[in-house]
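Student: Before we start, I would like each label in our discussion to be set against its definition.

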Amino acid sequence: SIDIETLEGRGIYKKEMLRTLKSGGYALVTVVSINDEIERELLNTNPGPEKNTTIWPNGKFQKDYDEEELRNFYSEFEILKLKEVKKKVTKLGRNYIGTNFWVILRK
């Protein structure tokens, strides 16, 4: 859902998850955290059109999340686990600490 450029589009994505998962089915979602080092910079220098969005130097849209926003967005699912994960990554020709959320959902 990080590359879906509109709230309406992300809503369609969520409805499709609800439609296609069997009752009791699981989904693993990974999204970028607002605590990601490069995304924090881009939120200040290249903000996108809505809260917690950025526009990368190449024009790519990205939606970042905080924990509360994730919990609200996936409130129709049972959130079994929500974990913020940090790791060393290379993006935009730089080494930095990348921060993502891993979310395990059950319908």
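Tutor: We take the helix, the cores, the surface and the salt bridges in turn.
This is a predicted model, in which local features need pLDDT of at least 70 and side-chain atom pairs count only at pLDDT 80 or more, while totals for chains, interfaces and linings use all residues. Residues are numbered from 1 along each chain as its sequence is written, and side-chain values use heavy atoms, with hydrogens and water left out.

Student: How do you know that the span of helix α1 agrees with its number of residues?
Tutor: Helices (H or I, at least four residues) and strands (E, at least two) are DSSP runs, numbered from the N terminus. The expected span of a helix is 1.5 Å times one less than its number of residues. Helix α1 has 14 residues, 7-20, and should therefore span 20 Å; its end C-alpha atoms are 20 Å apart, which agrees.

Student: Which residues of α1 are buried, and what do the buried residues pack against?
Tutor: Buried means under 20% relative accessible area, exposed over 50%, and partly exposed in between (1.4 Å probe, protein chains only). In α1 the buried residues are G9, R10, G11, K14, M17 and L18. The buried residues of α1 pack against β1 (26-32), β3 (61-63), α3 (67-73) and β5 (94-106); contact here means heavy atoms within 4.5 Å.

Student: Why is T99 called buried, and what is T99 in contact with?
Tutor: T99, in strand β5, has 0% relative accessibility and so counts as buried. Leaving aside neighbours within four places in sequence, T99 is in contact with V32, S33, N35, D36, E84, V85 and K86.

Student: Why is V31 buried, and why is E67 partly exposed?
Tutor: V31, in strand β1, has a relative accessible area of 1% and is therefore buried. E67, in helix α3, has 37% relative accessibility, so E67 counts as partly exposed. E67 touches L82 and F101, not counting residues up to four places away in sequence. E67 and F101 are 34 residues apart in sequence and 8.2 Å apart in space, C-alpha to C-alpha.

Student: What makes a set of residues a nonpolar core?
Tutor: A nonpolar core is a set of buried Ala, Val, Leu, Ile, Met, Phe, Trp, Tyr and Cys residues joined through side-chain atoms within 4.5 Å. The largest one here has 17 residues, and L70, Y74 and L105 have the most contacts inside it. At least two residues of this core come from each of α1, β1, α3 and β5. β1 gives the largest share, 4 residues. Another core, of 5 residues, lies apart from it; I38, L42, W56 and V89 are among them.

Student: Which residues form the nonpolar patch on the surface?
Tutor: Y26, L28, L80, W102 and I104 form the patch, with about 520 Å² of accessible area together. Accessible areas come from the Shrake-Rupley method with a 1.4 Å probe; for residues, only the protein chains shown count as cover. Patches are made of residues with over 30% relative accessible area and no salt bridge; like charges are joined within 9 Å, and nonpolar side chains (Val, Leu, Ile, Met, Phe, Trp, Tyr) within 5 Å. L80, in strand β4 (residues 78-91), is partly exposed because its relative accessible area is 36%.

Student: How do you know that E50 and R10 meet in a salt bridge?
Tutor: A salt bridge is a side-chain nitrogen of Lys or Arg within 4 Å of a carboxyl oxygen of Asp or Glu. The side chains of E50 and R10 meet at 2.5 Å, N to O, in a salt bridge. E50 lies in the loop between α2 and β2 and R10 in helix α1, so the pair ties together parts that are 40 residues apart in sequence. E50, with a relative accessible area of 27%, is partly exposed, whereas R10, at 1% relative accessibility, counts as buried.

Student: How many salt bridges does the structure hold?
Tutor: The structure holds 9 salt bridges. One of them joins K63 and E69, whose closest N and O atoms are 2.7 Å apart. E37, E41 and R94 are linked in a network of salt bridges.
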